[in-house]
Amino acid sequence: MSSEPEAPVAPRRAGGWLGALQVYGQPRMLSMLALGFSSGLPFMLIYSTLSAWLRQSGIERATIGMLSWVSLAYTLKFLWAPVVDRLRLPGIGRLGQRRSWMLLAQAGIAGALIALSASDPRTQVGHMAWLALLLAFAAATQDVAIDAWRIESAPVREQGAMAAAYQLGYRLAILVGSFGALWIAADLGWASCYSSMAALVGVGVVTTLLVREPKRIAPLTSVLTEQRVVDWLARRAHWPDSLRQAGAWFLGAVLCPVLDFFARYGASLGLLIFAFIGTYRLTDYTMGAMANPFYLDLGFTLKQIAVVAKFYGTLLSVVGILVGGLAVARLGRTRSLVLGSALVIISNLSFGILAARGQPSLAGLATVISLDNFAQGVHGTALIAFMSSLTSVSYTATQYAVLSSLYALPGKLLMGTSGMVVDHIGYPPFFLYTAALSIPALVLLYWLSRRADFQPLRAAAPT
């Protein structure tokens, strides 16, 4: 483990903050922007926009909150990430490991959206729940492949910029999947809304066909670890060949990524990193499930939500993402993570003030939504860059899937209870509660920053 002083993910360039902007001019940043859009599009259609459709159709808030548990597929993606990392798909596999899995997942996303567009929540809530689960599974699989492509396509020093480009595309997709979707739903109905979103999956398909498959350079430690596994199995001569081969694949794809992570960081530091990642976004997930129901219950119309809460808010998120990428480059990972958490706490307290007023004020809504989107832009970019620096190229998809599942699992478990919490305590105390959920991560980050061995650098980074 390196004992050098903490360094930012990206080096400081001549010209200060303006110099740090130079990396955004690279062609792969545009590709990352489009793939980020492809990744973000289904998320809102499973999560926030679907909750608005259900609420407008008369579905109870408690049911909406529990239905949001289908997005646990994002959290559990580490279970099949080793397959995405290792299994070559027949036929389309010639496109490369990352691109072929992206393409397969995009086909699943488009199919699920088309099926949802033909559904009626008033009589088919159970049917829609299964379709939403299929959509979440395909979208999570796409994320595994895209995250691996992002990390393997750029060196560590550019991961802040890649994370910002990814987040920017993701936020643009949120704008389309929320503002655009709600606007279409208000004028043409929910069926046209979801069929239109299915057509936009083509953005990801075209980009996947155009980008290059990244080169993967396995570090020597990973190669030696897997060779020891193969040698151990080879000594089991009494085992059938098929069993030895299956065992080698399983151990290499599932066990070796975990052993590699803890070999590089140690048990105590590795567990502390896991705990920090698992608590960092508790606020975002818990608050997010009730955002659209809160706007509707406060008295706003779908078009007002689309224009104020989605359009202007998403524009501010773009600023937050760019600031987050620059903060990673100029301030380093720890200060960037602290900045993101502080902004998220302030934004949730602002929601509490708006809820306490109890009157639908467009100016007030625009203010708190803009602050919240700016905060989440900084918050998410800092975390993505941090997690990207922790992975080894030998197991990019699997290790990043585990880390991203860790940050989502606790929040999504709490998210499913958000409707019941609001029903019991009301909106103003609910937002105080969500703001307080960011405090544990700040405490853990303080402990991490005091560790001399807190130096995550990705092994065998591409140049």
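Buried means under 20% relative accessible area, exposed over 50%, and partly exposed in between, with a 1.4 Å probe and protein chains only. At 17% relative accessibility, S350 therefore counts as buried.

## Basis

The model is predicted: local features need pLDDT of at least 70, side-chain atom pairs count only at pLDDT 80 or more, and totals for chains, interfaces and linings use all residues. Residues are numbered from 1 along each chain as its sequence is written, and side-chain values use heavy atoms, with hydrogens and water left out.

## Surroundings of S350

S350 is located in helix α18 (residues 333–357); helices are DSSP runs of H or I with at least four residues, numbered from the N terminus. A polar atom of the S350 side chain lies 3.0 Å from the backbone oxygen of I346.

Leaving aside residues up to four places away in sequence, S350 touches V368 and L371, where contact means heavy atoms within 4.5 Å.

## Aromatic pairs

Rings of Phe, Tyr and Trp (its six-membered ring) pair if their centres lie within 6.5 Å; planes under 30 degrees apart count as stacked, over 60 as edge-to-face and the rest as tilted. Searching the whole structure gives 20 aromatic pairs. One of them is the tilted pair of W53 and Y194, with 5.1 Å centre to centre and 40° between the planes. W53 lies in helix α3 (residues 48–56) and Y194 in helix α10 (residues 190–199), so this pair ties together parts that are 141 residues apart in sequence. W53 is buried at 4% relative accessible area, and Y194 is buried at 0%.

F430 and F431 form an edge-to-face pair, 5.4 Å centre to centre and 65° between the planes. F430 has 0% relative accessibility and counts as buried; F431 is also buried, with a relative accessible area of 0%. These two residues belong to one aromatic cluster together with F294, Y295, F351, Y427 and Y433.

## Salt bridges

Side chains of opposite charge can pair when their charged atoms come close. A salt bridge here is a side-chain nitrogen of Lys or Arg within 4 Å of a carboxyl oxygen of Asp or Glu. By this rule the count is 4 salt bridges. One of them joins the side chains of D85 and R98, at 2.8 Å from N to O. It links distant parts of the chain, with D85 in helix α6 (residues 81–86) and R98 in helix α7 (residues 97–117), 13 residues apart. D85 is buried at 3% relative accessibility, and R98 is buried at 1%.

R98 also forms a salt bridge with E152, the closest N and O atoms being 2.7 Å apart. Here R98 in helix α7 is linked to E152 in helix α8 (residues 125–152), 54 residues apart. Both R98 and E152 are buried.

## Surroundings of R150

The side chain of R150 meets that of D147 in a salt bridge of 3.4 Å, N to O. Because R150 and D147 are 3 residues apart in helix α8, they are separated by about one helical turn. R150 is buried at 0% relative accessibility, and D147 is buried with a relative accessible area of 5%.

R150 also sits over two rings. A charge sits over a ring if NZ of Lys or CZ of Arg is within 6 Å of the ring centre and within 35 degrees of the ring normal. R150 lies over the face of Y166, at 5.6 Å from the ring centre, and the charged end of R150 sits over the ring of Y400, 4.9 Å from its centre.

Technical notes
Helices (H or I, at least four residues) and strands (E, at least two) are DSSP runs, numbered from the N terminus. A polar contact is a pair of N or O atoms within 3.5 Å; within protein, one must be able to donate a hydrogen and the other to accept it, and residues adjacent in sequence count only if both atoms are side-chain atoms.
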